[in-house]
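Me: I would like to go through a protein model by question and answer. Please keep it brisk.

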Amino acid sequence: RKICLTICLTILAISFELTNAFTLSSAIVVVHKNADAVLTKQSLSASADDASNTSPAERRKKYWEKDIVFETSGSGLMTNDIVVGDGDSPAEGDLISVHYAGWYDSFKEEGYETSGKKFDNSRDRGDEPLQLIYGKAQIIEGWNEGLKSMKVGGKREFIIPPNLGYGDKEVKAPGMPSIPANSYLRFEIELVEVDNSMLTKFRLAIPAPSSLFEKSFF
């Protein structure tokens, strides 16, 4: 009987120690899991803080330039040919047709953290491209410079510094996001058509009837 009692007590002691050890182990696992969750949350928070603390120049380089080799002109215009066209290039006075999308260098808004803030897209208004008279239309200098060497059928990416864009003026247009002063701009432009026919140039040279009455001849 003494032997049996001793064995029973020994078994109970071992069971108690195992239970305590399992409870302690479970607590440690829970603590570790909680610690991992805290560390993960802290890491995500730190990443978000790092992203918000990076400068626009760093974000432009990271998200716009990426690993692309842009050509940079003496004026500071950066271009990259996505598709090289094989048609005509525009000359002064030609009627050109383009599709385009434009962004400026704000990466803070939800949904625009990597692309920048989109402010316009010609395709959002339908399939008809924008038409303008190259060299005479009032467009930003970055467009004039970048379009000059494009060919019909081409698609080109522009990164335009403020001195070739809107400069130190805030730009507001009805129904579109305003563009802050001194913004860098990114465009993707497709050169759809270059109309350099004499008939088109003659038609464009004739003033509209309403302008004849407004113009002073004396």
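This is a predicted model: local features need pLDDT of at least 70, side-chain atom pairs count only at pLDDT 80 or more; totals for chains, interfaces and linings use all residues.

Reply: Residues are numbered from 1 along each chain as its sequence is written, and side-chain values use heavy atoms, with hydrogens and water left out.

Me: How many helices and strands are in the chain?
Reply: Helices (H or I, at least four residues) and strands (E, at least two) are DSSP runs, numbered from the N terminus. Read from the N terminus, the order is α-α-β-β-β-β-β-α-β-β-α-α. The tally is five helices and seven strands.

Me: What share of the 218 residues in the chain is buried?
Reply: Buried means under 20% relative accessible area, exposed over 50%, and partly exposed in between (1.4 Å probe, protein chains only). Of the 218 residues, the buried share is 28%.

Me: What part of the accessible surface belongs to carbon and sulfur atoms?
Reply: Accessible areas come from the Shrake-Rupley method with a 1.4 Å probe; for residues, only the protein chains shown count as cover. The chain exposes about 14,800 Å² in total, and the carbon and sulfur part is 58%.

Me: How many salt bridges are there?
Reply: Side chains of opposite charge can pair when their charged atoms come close. The rule asks for a side-chain nitrogen of Lys or Arg within 4 Å of a carboxyl oxygen of Asp or Glu. Under this rule the count of salt bridges is eleven.

Me: How many residues apart in sequence are the parts tied together by Arg-156 and Asp-81?
Reply: The two side chains form a salt bridge, N to O at 2.7 Å. Arg-156 sits in strand S6 (residues 155-160) and Asp-81 in strand S2 (residues 78-83), so the pair ties together parts whose separation in sequence is 75 residues.

Me: Which helix does Asp-94 reach through Lys-201?
Reply: Asp-94 and Lys-201 pair in a salt bridge at 3.2 Å, N to O. Asp-94 lies in the loop between S2 and strand S3 (95-104), and the parts joined are 107 residues apart in sequence, with Lys-201 in helix H4 (residues 198-205). Asp-94 is buried at 2%, while Lys-201 is partly exposed at 31%. The helix is H4.

Me: Which residue forms a salt bridge with Arg-123?
Reply: The closest N and O atoms of the pair are 2.9 Å apart. The partner is Glu-190.

Me: With which side chain does Glu-157 make a polar contact?
Reply: A polar contact is a pair of N or O atoms within 3.5 Å; within protein, one must be able to donate a hydrogen and the other to accept it, and residues adjacent in sequence count only if both atoms are side-chain atoms. Glu-157 is in strand S6 and is buried at 5%. The polar contact has a distance of 2.7 Å, and the partner is Arg-186.

Me: Is Lys-108 buried or exposed?
Reply: Lys-108 is in the loop between S3 and S4. Its relative accessible area is 67%, so Lys-108 is exposed.
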